[in-house]
Amino acid sequence: MQSNTRTHVIQAALFIITIITTTMAGAEWMFGNIFGFVYDMLFFLIGKPDGKEVPIPTKPMGWAEFVQGFHFSIPFLLILTIHEFGHYFVAKAHKVRVTLPYYIPLWFGISQSIGTLGAFIRIKEVVKSRVKFFDIGIAGPLAGFVAALVVLWYGFTHLPPPDYIFKIHPEYERFGLNYPQFAYENPAGNLMLGDNILFWFFKNYVADPARLPHAYEIIHYPYLFAGYLALFFTSLNLIPIGQLDGGHILYGMIGKKRFNVVAPVLFGIFAFYAGLGVFRTESFATGSDAVFYERLFYLAIYVYFLYICFKRAFDNPSTALMTSLLIVVGQFAVTYIRPDWDGSVNLLPFVFILGRFLGIRHPETEDNTPLDTPRFILGIVAFVIFVISFSPTPFIIIE
């Protein structure tokens, strides 16, 4: 089999597997349950543990639920595909050699997921121009954002009747449409999607208020959930750091010299916000020496985590360590003055991936011709999209 044919077979197989995994994941979110065959397989191989409670699905899910999962997977993968082909076609227009998208399936089977880690195209040659980097970088987010708007508009204008929720939670039916007054007396464990500006706008000015689901139940509405996730990943992609799409855009707009100054500062702000509230001064106000030293140990691990994230951003490791310590001191100071302020610990894994693997800096280009005015305006539009799509606290688990 020729190399190109083998590559296309792999790409097609990954795409088909990703359709299956995102459809299963969508069904699991829609019905608030998981497919139980993974547990059945584990019990068959290793036996059921004695005397231990196992989270076996209470409502078996089958083919009918899987088919319903297409209401999530089709719009979600459509947005993702439009995003990737935005990059692809613009790269081709610039005569830059790129591959078709590689989709990354991910399905846990024992807990809920979204069925994929996304997709990527591989650039097979060095991009030598700021303009090309800008055009290729901005095309994906703009195309995907337009697709996400269409999905969100459809989702919010085609909400099912209010009693749809009883198909997901039959136990709510005895309370009638006033179920939130009774079902959420103990809301711990519920997942809520944190608003961004655009999602808030759709909820308040597009949706029919009589059909709008409770905040704890939006995850069961596939078009809303798919659109929200699309905005979330679009905003992450548009963070103007490193080789993210936003990094390509900012690099094209301001050039390497300014970018190398701005990007580490923006990364520091991002890391500062993500970890805000993880440790507070009152956390160490304890009469137990054992508890105090245990928390001090965790604090040291957190400082080391930040050091690893910043190590690639600076030539001198001491600068990375000092930056990490300054961030922690600043977080302590802010939470002491404003104890009600919290960041979003959900973003810390992305801080790690960005700092440790993707990198904060941007590769240099031979052709540093500045952008023309229309492109510069388009870059500003991209960062406006980032602002209206970004949620400071995207996923909130009620405690």
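In this predicted model, the side chains of D135 and R375 meet in a salt bridge, with N and O 2.8 Å apart. Look at where the partners sit. D135 belongs to helix 5, and R375 belongs to helix 14, which covers residues 373–389. The two are 240 residues apart, so the bridge links distant parts of the chain. Side chains of opposite charge can pair when their charged atoms come close.

D135 has 11% relative accessibility. That makes D135 buried, because buried means under 20%. R375 reaches 25%, so R375 counts as partly exposed. The pair does not stand alone.

Start with D342 and R280. Their closest N and O atoms are 2.4 Å apart, and they form a salt bridge. Is each partner buried or exposed, or in between? D342 is partly exposed, at 45% relative accessible area. R280 is buried, at 11%.

Next comes R97 with E125. Their side chains meet in a salt bridge at 3.6 Å, N to O. R97 sits in the loop between helix 4 (70–93) and strand 1 (102–105). E125 sits in the loop between strand 2 (116–120) and helix 5 (130–157). They are 28 residues apart, and the pair again links distant parts of the chain. R97 is partly exposed at 46%, and E125 is partly exposed at 32%.

K95 has 70% relative accessibility, so K95 counts as exposed.

L321, M322, L325 and L326 form a nonpolar patch on the surface. Together they have about 370 Å² of accessible area. Take L325 as one of them. L325 is found in helix 12. With a relative accessible area of 37%, L325 is partly exposed.

An unreviewed UniProt entry lists several spans as "transmembrane region", among them residues 319–337 and 376–398. How much of residues 319–337 is helix in the model? The span is 100% helix and 0% strand, and its end C-alpha atoms are 27 Å apart. Residues 376–398 are 61% helix and 13% strand. The end C-alpha atoms of that span lie 42 Å apart.

The unreviewed UniProt entry also carries the annotation "domain: Peptidase M50", which covers residues 72–256. In the model, this stretch is 51% helix and 6% strand. Its end C-alpha atoms lie 40 Å apart.

Notes. Residues numbered from 1 in each chain as written. Predicted model: local features only at pLDDT ≥ 70, side-chain atom pairs only at ≥ 80, totals over all residues. Heavy atoms only, no water. Salt bridge = Lys/Arg side-chain N within 4 Å of Asp/Glu carboxyl O. Helix = DSSP H or I, 4+ residues; strand = E, 2+ residues; numbered from the N terminus. Buried < 20%, exposed > 50% of the residue type's maximum accessible area, 1.4 Å probe, protein only. Patch = residues over 30% accessible without salt bridge, like charges linked within 9 Å, V, L, I, M, F, W, Y side chains within 5 Å. Areas by Shrake-Rupley, 256 points an atom, 1.4 Å probe, with all protein chains shown as cover. UniProt positions renumbered as here; feature names shortened; annotations may be inferred.
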